Amino acid sequence: MGGLDGLLQGFQVAFSIEGLLFVFIGVFIGTFIGMMPGLGPISAIAIMIPVTYGMEPSTALVMMAGVYYGAVFGGSTASILLNAPGISGTVATAFDGYPMAQRGEAGKALAIAAVSSFVGGTVSVVLLMLFAPALSQVAVTFGPPEYFALMFMGLTAISSLSEGSTIKALISATLGFMVVTVGIDGQTGTPRFTFNNPNLLEGIDFLVIALGLFALAEVCFLIINRKDTSLSDKANVGSTRLKKEDLKEMRGPMSRQSFLGFVLGVLPGAGATIASFIGYITEKKIAKKPEEFGKGSVRGLSAPETANNAATSGAFVPLLSLGIPGSGTTAVMLGAFLVLGIQPGPLLVQDHPDIFWGIIASMYIGNIILLVLNLPLIPYISKLLKIPRPLLISLVIIFSLIGVYSVSFNVFHLYVLLFFGVIGYLMRLSSFPAAPFILAFILGGMMEQSLRQALTASNGDYSIFITEPISLTLLIISLLSFLVPLVRKRISTR
Amino acid sequence: MIKTLNQKISLLLLAIAIGYLYLSYNLKEYPYVPVDSDLVPKVLGYLLIVLAIALFFDKSSETEDEKAKRVVPKKEIIVMAAVGGMIFIYIFLFEILGFLLTTFLFILACSAFLGYRKWGTSLIVALVFPGVLYYVFNYLLQIRLPQGILPF
């Protein structure tokens with residue numbers, strides 16, 4: 001099996017001086033961006049994509065893994081120190097992390113979060129390593145109808161399982177799909193929705209959407225909160241040492257939630273948020289002293305952090321083995337892979353085992369570096385939060401603009417970026433989720449292609465989607481997923 | 001009877017859907033394929049109409065959280081619009097004056113406008129940050145940012 005060799009090779013890249021340096025840079029910048037209120041892993045990855053141009057793909061990969069894990073951890077840090085979760089995946093972290101920090105044990109809370117994330121992330125990568133190749137074996141047999149049904153399921157799942165209004169999520173996904181139809185149609189060469197503007201012939205780049213809907217839109221919230229100095233007061237976090245009793249407490253939640261989180265992460269649409277809440281609730285149910293939860297319990301902090309990170313790695317299973325992202329974050333990650341010339345999918349393990357195992361190795365390294373280097377550095381990184389907000393806002397804006405310019409070399413797309421920044425902000429104000437939009441934008445092109453390939457093969461006969469058993473099953477699951485919000489509503493109104 | 005924000009949005013979406021459908025029906029035909037390029041857009045257009053109508057009649061009221069999120073002081077909206085305007089000017093001048101000069105001016109102007117008045121620090125950041133970026137992109141990554149009127 002070439003797997004072990006590939007893994008070793010991946011480790012070799014990551015453990016070279018250059019590799020370590022870039023993982024470190026990635027983790028550092030990721031943590032910093034993730035700590036900013038509102039800015040999450042999606043913005044962090046999108047902002048860093050242009051930096052990877054011209055880099056060796058293997059080096060770029062380890063750096064991106066660092067950015068990703070760093071940003072997730074940065075989000076937890078903001079939850080613990082400020083009770084201000086930047087992203088929904090770390091809301092549950094604040095339940096017990098913030099009370100603990102208020103007791104003056106911020107350092108301990110951060111250490112628990114880091115160790116739990118490390119364990120959850122690492123266990124999950126091991127599982128990913130076992131499952132992803134097996135799943136891609138199955139997926140190699142998939143044809144266009146199966147792929148279409150699979151992506152359809154991904155889209156309906158993220159819309160029906162995410163929080164808030166399902167209708168709004170579906171509208172967001174539809175709009176994302178509409179935007180991707182702009183440009184020359186790949187199959188017939190027909191220009192669509194270009195208004196005779198030559199700048200639109202190539203369509204809109206995914207970075208325009210990612211940076212506009214996320215980074216720029218979130219800058220608006222930074223602008224509103226620019227006078228907020230609460231961050232700089234919290235620059236001292238105290239000792240990050242953990243006692244033996246703490247580790248003993250954490251053992252239970254960590255071992256259970258690593259597996260549960262992974263499974264939930266693999267499911268499209270479920271992901272980190274649901275995993276962290278379910279993790280918190282299950283641990284509270286089976287705890288001997290459930291009354292401690294919510295008041296700074298070690299278990300209450302460890303559980304959502306483990307589950308959250310296990311789920312983020314679990315989300316890589318469909319991305320790597322099927323080439324289909326199941327969440328907003330993995331959708332942007334797919335964009336980052338494509339920029340590096342890597343096409344994830346069932347053939348990745350077969351044809352490019354070195355890249356596949358390189359990704360796995362960089363996930364291990366990202367996790368390790370996060371624990372070894374990031375945790376001791378947290379006091380210093382949090383000092384960076386003292387950077388005056390007005391300066392920071394200017395720099396984030398410049399980064400977003402440069403990011404788009406360096407893919408398009410065309411000022412027109414910068415105006416489009418600004419436009420989507422405004423749209424992203426308005427969407428947030430009116431509670432339209434942006435994740436379905438970006439996922440539909442990424443999947444839309446592929447979905448249309450497989451739909452038309454399937455129909456071309458069947459000579460326009462739509463029954464091909466229901467006569468193929470796998471595709472039929474997936475479509476039924478997609479429709480069933482709409483029952484989830486209805487059931488949830490029934491429960492909540494009771 | 002257009003009361004809620006959701007209903008206003010739903011009308012806007014309806015207009016978008018109709019415009020989009022109109023364009024979809026006017027797409028050029030390509031006769032040699034069983035499925036032409038207008039199929040998916042048409043489906044999306046009708047889907048958006050259905051969803052917009054569903055949103056219009058959606059009874060679930062906004063949560064308090066969602067309402068609170070929407071309250072933005074007028075002053076802040078003006079500030080955001082002004083920053084948006086500055087970005088617009090930045091983009092407009094980007095290829096004319098070049099990356100270094102426009103970025104230098106943008107960082108100084110935007111930070112000062114948002115209330116940061118330590119000119120010394122501002123000046124250093126406005127000089128060093130674009131300089132480093134320019135060097136990294138142009139010389140290390142081989143991505144040419146516009147040179148503009150400066151000789152380097």
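**Exercise 1.** How far apart do the C-alpha centres of domain 1 of chain B and domain 2 of chain B lie?

*Solution.* This is a predicted model: local features need pLDDT of at least 70, side-chain atom pairs count only at pLDDT 80 or more, and totals for chains, interfaces and linings use all residues. Residues are numbered from 1 along each chain as its sequence is written, while chains are lettered from A and ligands numbered from 1 in the order in which they are written. Take the bounds, which come from an automatic or database domain assignment: domain 1 of chain B is 5–70 and domain 2 is 74–140. Their C-alpha centres lie 37 Å apart.

**Exercise 2.** Describe the course of helix α19 of chain A.

*Solution.* Helices are DSSP runs (H or I, at least four residues), numbered from the N terminus. α19(A) covers residues 435–457, 23 residues in total. From first C-alpha to last, α19(A) reaches 32 Å, close to the 33 Å expected at 1.5 Å a residue. The expected span is 1.5 Å times one less than the number of residues. Next, the bend: about 40° at Leu443(A), the angle between axes fitted to the seven residues ending there and the seven starting there. Just after α19(A), Asn459(A) takes a positive phi of about 60°.

**Exercise 3.** Which residues touch the most other members of the largest nonpolar core?

*Solution.* Such a core joins buried Ala, Val, Leu, Ile, Met, Phe, Trp, Tyr and Cys residues through C-beta atoms within 7 Å. Buried means 20 or more other C-beta atoms within 10 Å of the residue's own, with C-beta atoms placed from the backbone. The core has 206 residues; Ile45(A), Ala46(A), Ala210(A) and Ile438(A) touch the most other members. Helix α5 (residues 91–139) of chain A gives the largest share, 22 residues.

Technical notes: Helix = DSSP H or I, 4+ residues; strand = E, 2+ residues; numbered from the N terminus. Buried ≥ 20, exposed ≤ 12 C-beta atoms within 10 Å, placed from the backbone.
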